[in-house]
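Visitor: I would like to learn how to read pockets and ring contacts in a model. Please take me through an example.

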Amino acid sequence: MNHTGVNRTGVSDVLRRELEYHEKLYSGFAQAHFARPAVRALRRHMMERILRVTGASTRSRVLSLGCGIGDTELLLAPHVRELVGVDLSPAAIRQARADAEKLGIGNARFEEGSTAEGPFEVAIAIFFLHHLSDQALAEMPRRLTGMLAPGGVFYSLDPSRHRLSGAVGRRLIPGLMKKYQSPDERELEPEATAKLFRDAGFDTRIEMYDFVSSPLAGLFPGWRAGYRAARALDGAILRLGPLQRLGSNFEVIARRGS
């Protein structure tokens, strides 16, 4: 589950709705969907990208916020010293633990909650920030400062408010778009999101992750060849400066000062 918003009176209405949505999602649909060939290829690309841009290695402790059922995390774990995934969904954590045991991955630990004891060299948040309330998102850089080691890197991947695929999807397949979205999630403004980290003292940059490949994997999860072709096309499109703004998902790569 991808949410940590808690207010002073307890669990917020937003968090409650998110938790209800994700408990249903992880009751079977997510497990089946994430196991499809195109989605597995997407997750493997994410894992390789995380290793490349964060510098995570066999010396790194890695924290994953909103880890869900750990499908990306279990791909990443063999390449790092230790991986700790946290999520508020009990169903997600049960599945992640079961999959780690089944795969014999002993350096991945999954905990129910929203934080873990640091320090970590790397923290990741895959499709997580856009589920947070505005207040929780604004507080995230400060929270990360307490969890990351000096020089540690934070990596996030979230849908962009400017994405062309979202505008097309809402017009052509609104029902399907709604099916894949929780009640309170939204697209984020890349620059405004990055500014939160810069203002907290992080050395921060933004990269566009894709244009059509992730949406295609979601719509046609069994079409691995289609995903790979779309991924190659993305590489060409995202080299065209004017079109980058219309990309589907953006990355924030933020390094804590030493």
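**Pocket and rings**

Guide: Helix 5 contributes the most to the lining of the second largest pocket, with 4 residues. Helices here are DSSP runs (H or I, at least four residues), numbered from the N terminus. The model is predicted, so local features need pLDDT of at least 70 and side-chain atom pairs pLDDT 80 or more, while totals for chains, interfaces and linings use all residues. Residues are numbered from 1 along each chain as its sequence is written, and side-chain values use heavy atoms, without hydrogens and water.

Visitor: Which residues lie nearest the centre of the second largest pocket?

Guide: Rolling a probe the size of a water molecule over the atoms shows where empty space is left. A pocket is an open set of points on a 1 Å grid where a 1.4 Å probe fits, with protein on both sides within 12 Å along at least five of seven lines; lining residues have an atom within 4 Å of a point. Here Arg-40, Asp-71, Leu-74, Asp-99 and Leu-103 lie nearest the centre, among 14 lining residues.

Visitor: How is an aromatic pair described?

Guide: By the distance of the ring centres and the angle of the planes. Rings of Phe, Tyr and Trp (its six-membered ring) pair if their centres lie within 6.5 Å; planes under 30 degrees apart are stacked, over 60 edge-to-face, the rest tilted. The count is 3 aromatic pairs. Phe-197 and Phe-202 are edge-to-face, at 5.8 Å and 85 degrees. Ring pairs link Phe-154, Phe-197 and Phe-202 into a cluster.

Visitor: Is Phe-197 buried or exposed?

Guide: Phe-197 is buried, at 0% relative accessibility; buried means under 20% relative accessible area, exposed over 50%, partly exposed in between (1.4 Å probe, protein chains only). Phe-202 is also buried, at 5%.

Technical notes:
Helix = DSSP H or I, 4+ residues; strand = E, 2+ residues; numbered from the N terminus.
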